[in-house]
Amino acid sequence: TLNLHLHGGDGIAGASTSKSVTISGGKVKGNVLGGESLTANARYNTVTIKGGSAMAKVFGGRAGSGSANFNTVTLSGGTVSGQIYGGHASLDASSNTISLSGGTVSGAVYCGYAKRNANNNRISLSGRVIKNSVYGGHAPGTGQAHHPTTPLSGAPTLPAPTLSRGV
């Protein structure tokens, strides 16, 4: 059991690029972040969960003052109790990917979540349980979410209403 956040890498004073985290067992009680930047962009970061438990939020890439683009989250087993974000940003979250092929997700799934724009994000869903809503792109307020892709295969278990290509 890890009682802290798990980071692939931080860019506290700069960008976070090409960082990764893999979980194959055990329990992480804090957030799981492939890469995070407090002041710049988070790009090409990856989180892979094959087993075990993530008890809080999971972020492929998170950018506090920039964009989160081209980040990936893959869940093939295990449990995520919080939300999953492919990319989470104060500016744009575009071209992020989430692949859910096994395991259970209790929180909402956001492939791209940004204050400004969340475009061209891709979620692949097949044969696992999601207990909350799924968003291809989400840009609350005055932002825009365009061109998300959400292929379904297998027999995913989803609550209704649950699937939103862009909000």
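This is a predicted model: local features need pLDDT of at least 70, side-chain atom pairs count only at pLDDT 80 or more; totals for chains, interfaces and linings use all residues.

Student: Why do you give me both a distance and an angle?

Tutor: Because a pair of aromatic rings is described by the distance of the centres and the angle of the planes.

Student: Got it. Where in the chain are F59 and Y85?

Tutor: F59 is in strand β10 (residues 58–63) and Y85 is in strand β13. They are 26 residues apart, and the pair links distant parts of the chain.

Student: Are those two buried or exposed?

Tutor: Both F59 and Y85 are buried. For Y85 the relative accessibility is 7%, so it counts as buried, the cut-off being under 20%.

Student: Which aromatic pair does Y85 form with Y113, stacked or edge-to-face?

Tutor: Y85 and Y113 are edge-to-face, with 80° between the planes and 5.7 Å from centre to centre. Y113 lies in strand β15 (residues 109–114) and Y85 in strand β13, so this pair ties together parts that are 28 residues apart in sequence.

Student: Which residues make up the aromatic cluster?

Tutor: F59, Y85, Y110, Y113 and Y135 form one cluster.

Student: Switching topic: where's S90?

Tutor: S90 is in the loop between β13 (84–89) and β14 (97–105).

Student: And why does S90 count as buried?

Tutor: Because its relative accessibility is 19%, and buried means under 20%.

Student: What does S90 touch?

Tutor: Leaving out residues up to four places away in sequence, S90 touches A63, G64, S65, G66, K115 and R116. With G64, a polar atom of the S90 side chain lies 3.0 Å from the backbone oxygen.

Student: Last one, the open sheet. What's the strand order?

Tutor: The order is β3-β7-β11, three strands with parallel pairing. β3 (16–17) and β11 (68–69) are the edge strands, and each pairs on one side only.

Student: How many bridges join β3 to β7?

Tutor: Two bridges join β3 to β7 (residues 42–43).

How values were computed: Residues are numbered from 1 along each chain as its sequence is written. Side-chain values use heavy atoms; hydrogens and water are left out. Two strands pair if DSSP finds at least two bridges between them. Helices (H or I, at least four residues) and strands (E, at least two) are DSSP runs, numbered from the N terminus. Buried means under 20% relative accessible area, exposed over 50%, partly exposed in between (1.4 Å probe, protein chains only). A polar contact is a pair of N or O atoms within 3.5 Å; within protein, one must be able to donate a hydrogen and the other to accept it, and residues adjacent in sequence count only if both atoms are side-chain atoms. Contact means heavy atoms within 4.5 Å. Rings of Phe, Tyr and Trp (its six-membered ring) pair if their centres lie within 6.5 Å; planes under 30 degrees apart count as stacked, over 60 as edge-to-face and the rest as tilted.
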